[in-house]
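Try each task yourself before reading the solution.

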Amino acid sequence: MAFLVQIHSTVIILLLIVPLTSVAFYNSKYLHKFSPFPHSFSADVASKRTSYRLYKNLIGDDGRIYVCSDKNFFSFESNGSIAWTVHLNYTCNSNIAPINGGSKKIYLVAENRVLKIYPLRIGTSEAAVELFFGPTQFTEKPEDIIGISASISSSCVLINVKNRGLFAYRLHGQLLWSAGPVLYQHGFRQGCRKNITGCYFTSSPVIDHCEASIFMCNTVGELYSLSVRGPYFKWIQDLSSFGNKFIITPGNNGRLYVTVPGTGVVLALDVSTGNILWRVDIGPLSSADYEPVVDSNGWISFGSLDGFFYSFSPTGDLKRFPRSAILNSVIQVSPVLDCSGYGVYISQTEMEGRVFQTAAEYVRVSALKPKSVVFTLLVPSSGSIYLSESDPTGKILYKLSQSDLQHFVIDERTLLAFFVVSRKPSPLPCRSTRQKLASSCSQVNPKTLSIYSGNERTIVLFLVIESVILVLVAALVQRCCVFWKKKKLQSHNLGKFLEKRRSLRSQKKAYDRMITEIEEKAASDEAVANEVLERLSDLVKEREDIKRKLSTSYSLGRDDYTGKTRSSKSALPLYDEKTRSYSIKGSKNESVTVFHTVSDSSSNTSSTSEDDEYEEEYDGEKSKGKAHVENSSDDEEGIRESGSMSLRRRTVSFTN
């Protein structure tokens, strides 16, 4: 059921002010001047004017109340005295409260400008007020500023300007980025889907400090989630079915709360996706700018004109205070968090009369003159009440009337703020802003990813097959690398190379068989002819030449016959250009040693014409092969020196 709340809040405020003003005039002899300060107003100046109206306030971490009035910005102590004041050249916006910008700086909106105030410069020669954002002489008429907010962790100030969009500035004034309600990505339009004409952001930018996200709504009932770091839309949720005016409250606990003030509907959304988690209905609210609060436990709290105080947990559980209704009581102003972040102060006003009128789907609430005010401090999560004080005779008003507040018109919101800061010591231990955020952010549940594990045997089999494939691929890659490391393969025919290699391997096998047959014959026969020995010498030389080619020019990286040659038991050739020497050992401990020496003019080249022709094509590889052969004959230098003999000498010895 929708509620149309048409309570004459201004009348109630004025009725609340009547006791204050009457007490102030009744005790006019107790009036005194403002605290002496260069920028303060005197009582004489104030008496020539009407009373000042205090706008929305900011409760600072230092326990002071910062509030604007007309073209002056005030800092009040908890007892109502003025700590300091600064005169502004522009009239403050009464609907936008000052915000804390960190490093003891305050930002406020005045005549479509954002002013930056330095409290530490008050009373010094430095300017205490600077223009942070606003029109210049080169720009057109400025648009209205709808709202501002500051992110201390991201060091930026966010400003929403009507019909222009959202602007993000560094704390020192440098523009970071800007974004409008419509964004085109990959050819698609995001935002203002129903009506792009006259569509703009209508709410103050709200920051979730745990998620580093910004939340805003537009004129057609769409809720945006943007990144603090850039103009990127995380998601857009269409809430037009609930209306187009929302109150957005960050939970800093993985939740985003959206209140529809006209109908009393509260929605809880997931900050990551924008999905609605739960929905509840509460009593009628006093105004469209009513601001609920979220404590460090993640509970969101509202005060309603039906006299009840509603608190909801992050999962949607409801706790209502008091348990039984107080006759003719209303809660008009927004609750205030205490310095611990766990407790909530509320102001409950008892009226002389209250009337509910129902018309169709709407409810109209009317109230008469207030009788008393009850201030309560409670912890919504536990339901514990730490403080409850009533003021039926106006003691609090009378006390404040004797301070500097006597020159101002205050409403119930300001009265509650002064009651909160005057509670010293606080019933609950105070905590810093960082500690409060750490406590609330710790409640964010990490997103769990569901991973299908499947059948264990299937997974093991798949891993085994995958490992085998990887091994085969690695071997293939290694083989390819061995091939293509050879420079000659990059510019010559691979088929010709492999054909020549196969031919050499076949020749080597043939020589091996022939040498083996001759060795067996020589081992069995005691008399060995010179022709057989010469034939054996030539075969050994030819085989060694083939081995050299296979290990150099035609090698695939795995041909190494050096060790095999040295470990041969049947024949050990010793050969250079002038001397041949080889030994044959039979199965009966018979050994044959042959020394063959020729003259200097004898030729020792026995390569075939085909081999020489192919070797000329690869001079570099041939030189490398020659070097290998020359190194293997270093031990035979002594034999080379005796190569000048012109006669042949063969020695055959048999030992048993």
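**Exercise 1: Disulfides**

Task: work out how many disulfides there are, and how the bonded cysteines pair up along the chain.

Solution. Keep in mind that this is a predicted model. Taking cysteine sulfur atoms within 2.5 Å of each other as the rule, the count comes to four disulfides. Next, number the bonded cysteines of the protein chain in sequence order, and the pairing reads 1-2, 3-4, 5-8, 6-7.

**Exercise 2: Cys68 and Cys92**

Task: say what the link between Cys68 and Cys92 ties together, and whether each cysteine is buried or exposed.

Solution. Start with the sulfur atoms: those of Cys68 and Cys92 are 1.6 Å apart, and the two form a disulfide. Now locate the ends. Cys68 lies in strand S3 (residues 65-69), while Cys92 is in the loop between strand S5 (82-87) and strand S6 (99-100), so the pair ties together parts that are 24 residues apart in sequence. For burial, the cut-off is under 20% relative accessible area. Cys68 has 5% relative accessibility, so Cys68 counts as buried. Cys92 has a relative accessible area of 8%, so Cys92 is buried as well.

**Exercise 3: Two left-handed links**

Task: find the handedness of the disulfides Cys192–Cys199 and Cys339–Cys430 from the angles about their S-S bonds.

Solution. Take Cys192 and Cys199 to begin with: their sulfur atoms are 1.9 Å apart, in a disulfide. The torsion about this S-S bond is about -75 degrees, so the disulfide of Cys192 and Cys199 is left-handed. As for burial, Cys192 has a relative accessible area of 0% and is buried, and Cys199, at 10% relative accessibility, counts as buried too.

Then turn to Cys339 and Cys430, a disulfide with its sulfur atoms 1.9 Å apart. Here the angle about the S-S bond is -65 degrees, and the link is left-handed. This pair links distant parts of the chain, 91 residues apart: Cys339 sits in the loop between strand S29 (336-337) and strand S30 (344-351), and Cys430 in the loop between helix H4 (412-421) and helix H5 (433-441). With 24% relative accessibility, Cys339 counts as partly exposed.

**Exercise 4: Rings around Trp278**

Task: classify the aromatic pairs Tyr257–Trp278 and Trp278–Phe312, and say which strands they link.

Solution. A search of the whole structure finds 22 aromatic pairs. One of them is Tyr257 with Trp278: the ring centres are 6.1 Å apart and the planes are at 55 degrees, so the pair is tilted. Tyr257 is in strand S21 (residues 255-260) and Trp278 in strand S23 (residues 276-281), which makes this a link between distant parts of the chain, 21 residues apart.

Trp278 also pairs with Phe312, at 6.1 Å centre to centre with 35 degrees between the planes, again tilted. Since Trp278 lies in strand S23 and Phe312 in strand S26 (residues 309-312), the pair ties together parts that are 34 residues apart in sequence.

Finish with burial. Tyr257 and Trp278 are both buried, Trp278 with a relative accessible area of 11%. Phe312 is buried as well, at 1%.

**Exercise 5: A cluster and two charges**

Task: which residues make up the ring cluster, and which arginines lie over a ring?

Solution. Follow the ring pairs, and Tyr52, Phe74, Phe76, Phe408 and Phe418 link into a cluster. For the charges, Arg121 lies over the face of Tyr118, 3.8 Å from the ring centre. Arg320 has its charged end over the ring of Phe308, 4.2 Å from the centre.

Key. Residues numbered from 1 in each chain as written. Predicted model: local features only at pLDDT ≥ 70, side-chain atom pairs only at ≥ 80, totals over all residues. Heavy atoms only, no water. Phe/Tyr/Trp six-rings, centres within 6.5 Å; stacked < 30°, edge-to-face > 60°. Helix = DSSP H or I, 4+ residues; strand = E, 2+ residues; numbered from the N terminus. Buried < 20%, exposed > 50% of the residue type's maximum accessible area, 1.4 Å probe, protein only. Lys NZ or Arg CZ within 6 Å of the ring centre and 35° of its normal.
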